[in-house]
Amino acid sequence: MLFLASAVHAQDAGPPSGPVSETAAQSDQNLTKPENSGPKLTADHAKFKKLQGPFATGSDVTKACLSCHTEAGKQVTQSLHWTWETLNPATGQTLGKKTVLNSFCGNLASNEPRCTSCHAGYDWKETASYDFADESKVDCLACHDTTGDYVKWPTEAGNPLYAPRTQASRNVPYPQSLIVQEPDGKVTHLPPDLAKVATNVGRPTRENCGNCHFYGGGGDNVKHGDLSSALLAPSPQVDVHMSPQGANMVCVDCHVGDGHTWPGSRYHGTITDTSEQRPGMRNTDILACNSCHTAKPHKALSLKGNKLNDHTDRVACQTCHIPEYAKGGIATKTWWDWSTAGKLKDGKPYVEKDENGLDSYLTIKGDFRWGTDVVPDYAFWDGIVEYTLLGDKIDPTAIVGINRIGGSAEQPGSMIFPFKRMLGKQAYDEINQYLIQSNVYGPEGDSAFWTNYDWGKALAAGMAGSDVPYSGKFGFVETEMWWPTTHMVAPANEALQCAECHAKDGRLDNLAGFYLPGRDGFAITDRVGLWLLALALAGVVLHATARIVLRRRNGKEG
């Protein structure tokens, strides 16, 4: 159900030369990489002379790759990982990272060199001039490196380092093998050996995918809540599918690619697989729990199993089997207030930490709240997601939905589904009443907020490249954004028990539009139910008594 955007990271750092950046990692990840569970490769790339370099740039590597993999470049440039743009067939909206607003970094436009560190290509510095047909700009190594030494640099428009870079602190993720601790306390980041990486390529691993998806939105687990570096080598309690002690699966075991296209999207979710499948085979074009598991996964020979199987048409598997997200000790962001950003102490930017050592305030970003082992929000969902796009009118007196999920209790096909509900405050045009874009990143000039801490300049610059008029008068409005929770699956014995939902003040207490036994009190229904239960118990007692009396009588007569 989730969209795998690219296989590089999106750590949302502050100004590259400044001391103020979001806590780079809530735990330094030097974990042993689990053994790849996929099929064995049929070629040893170390034996190809054209891959032995030397290479000056990533694009030089790509040109060597495409000399053999002749169709790969075309496939990638037609994929969502590359275009960052897709048409939602249910709503007609054009969505994707290039288009939508979000509750974290806000927008791509005017921030390309920073945001496109997560792109599956090189050199996307400006959208208007970027050549999306140039196959030599495809980044093969981000998805296929097996050395662990290849990571893109966060401010280089999708490129890795090509020369050493020294700064006050270490970027995360960045491989320990390429880190040099300097005597003055600074950290030097060495560039990856492109030839070494190119001759050691293979099937995508969790680390490849996680370099982007774990670190999107500003750091480890900030955005999704169910995707963090805890999944690199999780315990079964964190994720039973990906745990080396469990199924030891990697991302592409579920997100099975075909022609560099992978199933699963948070823009248009697939909550259940309704395709016809041959026994023992799955349709890899669709991704849902029942693509692998059956529609009746619980033991049918037990009363409880039968009853649980009765739920699968209205309750998503994730609802019971992901009782919490942000597991494994890595927190997720639950609140981001941009309106407080820009404050200085003694004329300088500053950072404040909470009791867990996480950033609670950053001059460049505002106020935050975090959570671990978070209980999801629940809603009926039909897989359809509609976004508030640039220029769409909003009601600033209410919480503005960055996106809105479709479905209801009355709608066939809607299922109860768990979500991360991200809250915060974002800028909007007070006159035109719509959300607006901001220019936060830019080491040159004075328009970027991280350079001048001036919202007036940053918002004007962010809107300058759009076709939407800007009044120049801005305010901040509360927003929410819904993120489907579908990773961090717990072991079966840790799934939700009946009473956690079928109870007053239970997990589904705020989910309206349907009758839930144990939660809802309808006097007539409850009374009839109790009478029927009493009659059933009375019948059992009378039947047992009659059998005992008849057995004794037959014994005497015999």
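How many of the eight residues of helix α7 are buried? Seven of the eight are, so α7 is largely enclosed by the rest of the structure. Buried means under 20% relative accessible area, exposed means over 50%, and partly exposed lies in between, with a 1.4 Å probe and protein chains only.

Before we go on, some ground rules. This is a predicted model, where local features need pLDDT of at least 70, side-chain atom pairs count only at pLDDT 80 or more, and totals for chains, interfaces and linings use all residues. Residues are numbered from 1 along each chain as its sequence is written, and side-chain values use heavy atoms, with hydrogens and water left out.

Now the overview. The chain has 13 helices and 16 strands. Those are DSSP runs numbered from the N terminus: helices are H or I with at least four residues, strands are E with at least two. The chain has 558 residues, and buried ones make up 49% of them. Next, contacts, meaning heavy atoms within 4.5 Å. Take those between residues at least 6 apart in sequence: 70% join residues at least 24 apart. The chain exposes about 26000 Å², and carbon and sulfur atoms supply 55% of that. Accessible areas come from the Shrake-Rupley method with a 1.4 Å probe; for residues, only the protein chains shown count as cover.

Back to α7. Its buried residues are Arg206, Asn208, Cys209, Gly210, Asn211, Cys212 and His213. They pack against α5 and α8 (251-254).

Helix α1, residues 58-66, is also largely enclosed by the rest of the structure, because seven of its nine residues are buried. Among them are Gly58, Val61 and Leu66. Their cover includes α2 (72-77), α5 (141-144) and α6 (194-198).

On to the cysteines. A disulfide is a pair of cysteine sulfur atoms within 2.5 Å. By that rule the count is one. Which cysteine does cysteine 118 join? Cysteine 212, with S to S at 2.1 Å. Cysteine 118 sits in the loop between α4 (112-115) and α5, and cysteine 212 in helix α7 (residues 206-213), so the pair ties together parts that are 94 residues apart in sequence. Both cysteine 118 and cysteine 212 are buried.

Cysteine 140 is in no disulfide; its nearest cysteine sulfur, from cysteine 65, is 4.1 Å away. Cysteine 140 counts as buried because its relative accessibility is 18%. Cysteine 143 is in no disulfide either, and the nearest cysteine sulfur, that of cysteine 209, is 6.8 Å away. At 15% relative accessibility, cysteine 143 is buried too.

Look at serine 117 in the loop between α4 and α5. It is buried, with a relative accessible area of 0%. The C-alpha atoms of serine 117 and alanine 157 are 5.1 Å apart, with 40 residues separating them along the chain.

Next, salt bridges. The rule is a side-chain nitrogen of Lys or Arg within 4 Å of a carboxyl oxygen of Asp or Glu. The count comes to 14. One joins lysine 196 to aspartate 149, with the closest N and O atoms 3.1 Å apart. This pair links distant parts of the chain: lysine 196 is in helix α6, aspartate 149 is in the loop between α5 and β3 (165-167), and they are 47 residues apart. Is aspartate 149 buried or exposed? It is buried, at 11% relative accessible area. Lysine 196 is partly exposed, at 40%.

Another salt bridge pairs lysine 345 with glutamate 352, at 3.7 Å from N to O. Lysine 345 is partly exposed at 44%, and so is glutamate 352 at 33%.

Glutamate 352 also takes us to the strands. Two strands pair if DSSP finds at least two bridges between them. Strand β7 (residues 351-353) and strand β8 (residues 359-362) pair in the antiparallel sense over three bridges. Glutamate 352 stands opposite tyrosine 361 in β8. The β7-β8 hairpin has five residues between its strands, and glycine 357 there takes a positive phi near 80°. β8 also pairs with strand β9 (residues 366-371), antiparallel, over two bridges. There, tyrosine 361 has aspartate 367 as its bridge partner. The β8-β9 hairpin has three residues between its strands.
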